[in-house]
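Here are my comments on the model you sent.

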Amino acid sequence: MTKGLTGIGQCHYLNDVAGNRSALSISLFMDLAIEKRNKICYTVVQQRMQGRCHVVGYNIAFISLGCDKNRVNCEQMAALVQDAGHTVVDQPEGADLCVVNTCGFIDAAKEEAIANILEMAELKKEGLLKKILVTGCLSQRYREDIRTELPEVDGMLGTGSYTDIVAAVEQVMEEKRPELFGDINETVEDSDRMVSTPPWTAYLKIAEGCSNRCAFCVIPSLRGKYRSRPMESVLSEARALEAQGVEELILIAQDVSRYGKERYGRYMLPELLTELCKMDFHWIRLHYLYPDAITDELIDVMAREEKIVNYVDIPIQHVNDDILKAMCRRGSKSYITGLFHKLRERLPGVVIRTSLICGLPGETDAAFDELCAFLRAEKLERAGVFQFSPEEGTPAAAMPNQVEPEEAQRRVELVSQLQAQVMDDWNESRLGQVEEVLVERFDEEMGCWAGRTYADSPGIDGTVYFTAAGEMPLGTFVPVLLTGTEDGELTGEIDTWEA
Ligand code: SF4
């Protein structure tokens, strides 16, 4: 079902960089755009080498921005156009059409999306690209603005219309300037995929949308209410990934912990995981868990099943009770603290990742100090900290007592420093241990192998650089003795291991 195609997202709130087209420093973003583009191209080239691409129809390039859920949408669109007889190409230069699959979550994501669209517009001007189709959250959120401010865009597809990609491509190529915006609350349809990650890792999206209403977040209005996929459909896709040799399966949704609730009347993540653990995956990861839906049953399954890595990604955003209330977040500081303690007790060596927002309106010095004290006490291994971004249309944007951006930024820096120390201390504490590492590449710059431990989710966490005599097959798991740290990363050497 799946075939063998980049990150910002949902619960992971991102830093704010204000900007619009006139204010954009295009060159500032070009490197980023090119870097992302290359990521996709790498895997498409792989597909072509495997003979999966065939040359008929239009040549279509894809640029996917934002989170891994967006990536999966892009993978599905790529498979649909390929199945329709078009060719997915590895570079927009020379293509008939470039699909820019955007994120419009906060200002930084919008800027990145606009920069990529403008880069494609330059290619059009130079005659190197014929058409541009914009899909994803930016088009869903700023349809009128794109139509008036970006005339280079030849068509748009909303977040409720990914499966209309083939029709959109044809209409764009016929100069019809399509704008297809289906219902964002539609049932999730099964769809083929052109997997873009390395062969040993794949994302599996188990639900669309979000029914939480965090006061700062625009996602529910862009992605619709929470809709779980039927379990059989998720399992069938997992079986296909298993058959392709995927070793690391990463379950994703705005909130995986809520899986099944609206469809089956109860939380079904434990049952889903039990079934997935019967398959031949080595690691199963969960992104992201809303604190109040982490049930004892879920923790039991995680404790019982070795394949589920002891790594939990639980965005808490803050711990001060007044701020949590203002954010419309369920749970309290005492609930969160109790949950983390329970997880540490039940899941030995558990790595806790979270995301935090500094500078929500009404965040007093005392509330901020409380957050810092919590972080010092709980020593969370991973944390992304972001400056509050007042997104139009969200309740938080209209709240009184806005914190000055400079002060919010100062708080972000303080928390970042605090967390960097926590992480360094934790890395130091691991030295001398042998940990299982998934080998991912030979790093030419470092002159050694590079991989990840259970504590490192791809794209967001660390890398272990290690030496070994001879070749290391990519995608295998090897024991590595951790011997040092370098710029926040770990270094080591292979322990006894035979291929
Ligand atoms: S509304 Fe809350 S839970 Fe839903 S995506 Fe946004 S931050 Fe995450």
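1. The peptide bond between H287 and Y288 is cis, with omega at about 10 degrees. Please look at this bond in the viewer, as most peptide bonds are trans.

2. E175 is not a glycine, yet its phi is positive, at about 65 degrees. Its place is the loop between α6 and β7 (179–180). As background, most residues other than glycine have a negative phi.

3. Confidence. This is a predicted model, and the mean pLDDT of the protein is 88, with 88% of its residues at 70 or more. Residues 1–55 have a pLDDT below 50, although in the model this stretch makes 129 contacts beyond near neighbours in sequence. Where pLDDT is low, the predicted coordinates should not be read in detail.

4. The open sheet. Six strands form an open sheet in the order β3-β2-β4-β5-β6-β7, and the pairing is parallel. The edges are β3 (87–88) and β7; each has a single partner strand, so one side of each lacks a neighbour in the sheet. Within the sheet, β5 (residues 131–136) and β6 (residues 155–157) pair in the parallel sense over 3 bridges. One point to check by eye is L133, whose bridge partner in β6 is G155.

5. Helix α3 (residues 107–125) lies across β2 (59–64), β4 (97–102) and β5. Relative to β4, α3 runs at about 170 degrees.

6. The α2 and α6 pair. What is the angle at which helix α2 (residues 68–83) and helix α6 (residues 165–173) pack? The angle is about 65 degrees, and the axes are 9 Å apart. That value makes α2 roughly perpendicular to α6. The crossing of the two helices is right-handed. On the α2 side the contact is made by M77, L80 and V81, and on the α6 side by I165, V166 and V169. By class, this contact has 6 nonpolar residues, with no polar and no charged ones.

7. The α14 and α15 pair. Helix α14 (residues 365–378) packs with helix α15 (residues 405–430) at an angle of about 10 degrees, and their axes are 10 Å apart. The two helices are therefore roughly parallel to each other. From α14, the residues F368, C372, L375 and R376 meet R411, L414, V415, L418 and Q419 of α15. Sorted by class, the contact of α14 with α15 has 6 nonpolar, 1 polar and 2 charged residues.

8. The barrel. A closed barrel of 5 strands runs β17-β18-β19-β21-β20, and its pairing is mixed. On average, neighbouring strands of this sheet are turned by 50 degrees against each other, direction ignored.

9. Which strand pairs with β18 (residues 448–452) in the antiparallel sense over 3 bridges? It is β19 (residues 464–467). In this pairing G451 has V464 of β19 as its bridge partner, and W449 stands opposite F466 in β19. Strand β19 is also joined by 4 bridges to β21 (residues 489–494), and these two strands run parallel. V464 takes part here too, with L490 as its bridge partner in β21.

How values were computed. Residues are numbered from 1 along each chain as its sequence is written. This is a predicted model: local features need pLDDT of at least 70, side-chain atom pairs count only at pLDDT 80 or more; totals for chains, interfaces and linings use all residues. Axes are lines fitted to C-alpha atoms, for helices over the stretch in contact, and angles run from 0 to 180 degrees between N-to-C directions. Angles under 35 degrees count as roughly parallel, over 145 as roughly antiparallel, 65 to 115 as roughly perpendicular and the rest as oblique. A crossing is left-handed if the near helix is turned anticlockwise from the far one by less than a right angle, and right-handed if clockwise. Two residues are in contact if their C-beta atoms, placed from the backbone, lie within 7 Å. Ala, Val, Leu, Ile, Met, Phe, Trp, Tyr, Cys and Pro count as nonpolar, Asp, Glu, Lys and Arg as charged, and the others, Gly among them, as polar. Two strands pair if DSSP finds at least two bridges between them. pLDDT is the predictor's confidence in each residue, from 0 to 100.
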